[in-house]
Amino acid sequence: VADDGINPIFLAPLFSFLALFGVGIGGGFLLSVFVPPGEGEYRDARLDAEREARKRGWYSDLTEGLDDETVAMLDENAQSGPSGGQYGEPAPPPRAPSM
């Protein structure tokens with residue numbers, strides 16, 4: 001008995017793709033509505049102490065087993081940026097490529 005209709009099994013990959021795509025688009029929309037960009041606990045003053053403690057712990061783990069000269073060299077490198085300037089300085093303005 002031959003059926004000339006479309007078998008739903010052959011459409012399963014299309015349906016699963018559409019379902020995943022719909023969940024992604026719908027989830028992104030809901031996140032954009034309920035969690036606006038830039039919102040969060042980034043500037044929460046209560047978390048400053050925790051950040052500082054984590055930084056101290058990370059630093060002590062990093063410098064564990066190193067001699068004093070190496071630690072001083074790491075401190076000196078941490079104070080200056082890759083170009084020798086201090087962090088927090090304004091970045092130079094971008095230059096247009098020359099032809």
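1. Isoleucine 25 is found in helix 1 of this predicted model. With a relative accessibility of 52%, isoleucine 25 counts as exposed. The residue also belongs to a nonpolar surface patch of about 840 Å².

2. A search of the whole structure finds one aromatic pair. Phenylalanine 17 and phenylalanine 21 make up this pair, with 6.1 Å from centre to centre and 20 degrees between the planes. The pair counts as stacked because its angle of 20 degrees falls under the limit of 30 degrees. Both residues lie in helix 1 (residues 12–34), where they are four residues apart, or about one turn of the helix. Phenylalanine 17 is itself exposed, at 52% relative accessibility.

3. The next point concerns charged side chains. How many salt bridges does the structure hold? The structure holds one. It joins arginine 54 to glutamate 50, and the closest N and O atoms are 2.9 Å apart. The two residues are separated by about one helical turn, because they stand four residues apart in helix 2 (residues 48–62). As for accessibility, arginine 54 is exposed, with a relative accessible area of 58%, whereas glutamate 50 counts as partly exposed at 38%.

4. Is threonine 63 buried or exposed? Its relative accessible area is 13%, and it therefore counts as buried, the limit being under 20%. Leaving aside residues up to four places away in sequence, threonine 63 touches Val71 and Leu74. Helix 3 covers residues 68–79.

5. The chain as a whole may now be considered. Its secondary structure comes to three helices and zero strands, and from the N terminus on the elements run α-α-α. Of the 99 residues of the chain, 5% count as buried; threonine 63 is a buried residue. The accessible surface of the chain comes to about 9500 Å². Carbon and sulfur atoms account for 63% of that surface.

6. A final point concerns confidence in the prediction. The chain averages a pLDDT of 78, and 75% of the residues score at least 70. In which helix is confidence highest, and in which is it lowest? Confidence is highest in helix 1, at a mean of 87, and lowest in helix 3, at 80.

Methods. Residues are numbered from 1 along each chain as its sequence is written. Side-chain values use heavy atoms; hydrogens and water are left out. A salt bridge is a side-chain nitrogen of Lys or Arg within 4 Å of a carboxyl oxygen of Asp or Glu. Buried means under 20% relative accessible area, exposed over 50%, partly exposed in between (1.4 Å probe, protein chains only). Rings of Phe, Tyr and Trp (its six-membered ring) pair if their centres lie within 6.5 Å; planes under 30 degrees apart count as stacked, over 60 as edge-to-face and the rest as tilted. Patches are made of residues with over 30% relative accessible area and no salt bridge: like charges are joined within 9 Å, nonpolar side chains (Val, Leu, Ile, Met, Phe, Trp, Tyr) within 5 Å. Accessible areas come from the Shrake-Rupley method with a 1.4 Å probe; for residues, only the protein chains shown count as cover. pLDDT is the predictor's confidence in each residue, from 0 to 100. Contact means heavy atoms within 4.5 Å.
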